[in-house]
Amino acid sequence: MGSRQVSEELDWQGKRVTVAGLGVSGIPAARALAARGAVVTVVNDGDDERSRTQAAALEADGITVRLGDGATLPAGTELVVTTPGWQPGKPLFTAAAEAGVEIWGDVELAWRLRGPGAAPWLAITGTNGKTTTTRMLASILEAAGLRTAAVGNIGVSLLDAVLGEERYDVLAVELSSYQLHWAPSVRAHSAAVLNLAPDHLDWHGSMEAYAADKGRIYEGNQIACVYNVADPVTEDLVREADVEEGCRAIGFTLGTPGPSQLGVVEGILVDRAFVENRQKNAQELAEVADVQPPAPHNIANALAAAALARAFGVEPKAVRDGLRAFHPDPHRIELVEEVEGVTYVDDSKATNTHAAEASLAAYDPIVWIAGGLAKGATFDELVQKSAKRLRGAVLIGADRALIREALARHAPEVPVVDLDRTDTGAMSEAVREAARLARPGDTVLLAPACASMDMFTNYNKRGEAFADAVRALAATGDA
C-alpha cells in the first residue's frame, strides 16, 4: 500500500498567476497560491452581489479581483489556473496559449502542491456513477482501517484535502471530464473509467474529445487500470494509455468474471484479479444483497470500487464491510414511498440519457417522469431500449418535446402526458398524472435524462419537489 515520492517543489514567490473563476475551486486556489507568495489576479465573468462579496474577501487578503472581465489575460501572467466549468474555447485561454502560458485546473494545482509522502490517489471517472463509486470506495477503505476521504468532484476540494492538516493514507478521488482536461500531469495509483456515453458535448466539442479527456485518468497509473467489460470504449482507453511498467488492466462485469476481472457468480461478488493463480481461483468479496440498492448499475459501481480497493491491497472482509456500511446519497434511486400499491422512486440524479437508461433497467413496469434541459442529447436509443418497460410517461421541462418525439417514433403505444408548464409546481401535477397512469405493482420513476436548471436550482431541488409531491399524494390522495 505504499506511495512513491511525489511532486517537485515549485517556487511560487512572485510568480504572476491568473485564476479563472470564483466559486468552490477558484477561491481556495487563489488563497493557496497567495499564501505561497504568488501574485494572484482572479478574473470572473460575473459581477453580481455574490461575486462582489467573494471579491471583497479575497481583496482583503491582497488578491486582485477583476469582475465582469473574464476574457482578458492580465499582463505578465505566467500561469493560468482555471475552475472546471470554463470551456477550453474561452478567449482567456486562447490568449494564454498564444502567449505560451500554461493552463492548469484546480486538480492539477492540487497535484503539484502535494508534499513529500502525500497520500496516493485512487481515481474514478465516467459518465455516470462517479460519486456513488467514490463514496463506496471510501467506505471500503475506512472499513480496512485506512485514513481516507472522498474528494474531488464530489464536493470536497482536493486542494483542501492536500493542503489541510489531516494526514491520509489514500484518497478516493472523483474526477470529472472538465477536471481531467486541465490535469496533464496527474498520475494515480490506480484508476477506473466506469462507462462512457455522450455528455457535456457542448463543452468538449465532440464525443472523441470527451472520451480522450476521460482517458487521461489512466495516464501513468501504477497498479491497475479498471475498466467496464460491458463498455468496450473504456477498455480501448486502457490500451491507449501510457502506464507504468507492470500496471494491469482489470475488468469488472455483471457476469461471470474471467481472469483479471471482478464479477458476479450466483449472487456473490467475486475477485479473479487480485488472487493467486487467477486462472483457477476466485475470492468471494461480498453478496449482491450487501449492495444497496442492488440495481444492476449499482452492482457495477460496487465492483469498480472493490477493484480499486483490492488494487490498493485491501482485504476481502473490508470490501464486504464497506459495502454494507455504505448508504447512497439522496436522489440516487431513492425509494420515496409506496402509495396504493405503486412504488415511487426518486432518481433525479439521472441528468443524462445514460444514467436514465441504467435507472429504467432496474424496474418494470414503469411510469416514467422525464424532461428538463437536454444539453444537446438525443433520446431515440434510450426510448428504444426502455420501451417495453414503460406503462406510461409524464413529460416536464423545456426540452420535453425531444422525448415526446422519440416516444412517438419508438413507443407509439405508450400513453404520454405532456405538461406544458415549466414552473416548479409542474412536479406536483406530474406526480398526479403518473399516479393516474400507474397500476398496483408499477413503479413511478423520476429519471429525467435531463438537467434541472430550467425549472429548479439543481437536481436535489427537483428530487425534493418530487418527494414532497409523493408524500402529499400519500397523505391526502392528491399531490
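These are my notebook entries on a predicted model of one protein chain.

**Ground rules**

I count residues from 1 along each chain as its sequence is written, and I leave hydrogens and water out, since side-chain values use heavy atoms. Because the model is predicted, I take local features at pLDDT of at least 70 and side-chain atom pairs only at pLDDT 80 or more, while totals for chains, interfaces and linings use all residues.

**Entry 1: the whole chain**

I started with the overall picture and found 17 helices and 20 strands. Both are DSSP runs numbered from the N terminus, with helices (H or I) of at least four residues and strands (E) of at least two. I then looked up the radius of gyration, which is taken over C-alpha atoms and compared with a globule rule of 2.2 Å times the number of residues to the power 0.38. For 479 residues a compact globule would come near 23 Å, and the chain has 23 Å, so the two agree. The C-alpha atoms fill a box of roughly 70 × 60 × 40 Å along the principal axes.

Next came burial: buried means under 20% relative accessible area, exposed means over 50%, and partly exposed is in between (1.4 Å probe, protein chains only). Of the 479 residues, 56% are buried. The accessible surface comes to about 19400 Å², and 47% of that belongs to carbon and sulfur atoms. I note that these areas come from the Shrake-Rupley method with a 1.4 Å probe, and that for residues only the protein chains shown count as cover.

I also checked contacts (heavy atoms within 4.5 Å). Among those between residues at least 6 apart in sequence, 66% join residues at least 24 apart.

I picked strand β17, residues 366-370, and asked myself: is it enclosed or open? Since 5 of its 5 residues are buried, β17 is largely enclosed by the rest of the structure. I saw I366, W368 and A370 pointing one way, with V367 and I369 pointing the other.

I looked for partners next, taking two strands as paired if DSSP finds at least two bridges between them. β17 runs parallel to strand β18 (residues 390-395), with 5 bridges, and there W368 has A393 as its bridge partner.

**Entry 2: salt bridges**

I counted a salt bridge where a side-chain nitrogen of Lys or Arg lies within 4 Å of a carboxyl oxygen of Asp or Glu. The structure holds 24 of them.

One of them pairs D442 with R391, with the closest N and O atoms 2.8 Å apart. This pair links distant parts of the chain, since D442 is in the loop between α16 and β20 and R391 is in strand β18, 51 residues apart. D442 is buried at 2% relative accessibility, and R391 is partly exposed at 24%.

In it, D420 meets R400 with the closest N and O atoms 2.6 Å apart. D420 lies in the loop between β19 and α16 and R400 in helix α15, so the pair ties together parts 20 residues apart in sequence. D420 is exposed at 69%, whereas R400 is buried at 11%. R404 and D418 meet at 2.2 Å, N to O.

Most residues other than glycine have a negative phi, and most peptide bonds are trans. I noted exceptions to both. The peptide bond from Q292 to P293 is cis, with omega near -10 degrees, and D364 and P365 are also joined by a cis bond, with omega about -10 degrees. P365 sits in the loop between α13 and β17, which brought me back to my strand from Entry 2.

E266 has a positive phi near 50 degrees and is exposed at 79% relative accessibility. A449 has a positive phi of about 60 degrees, but this residue is buried at 1%.
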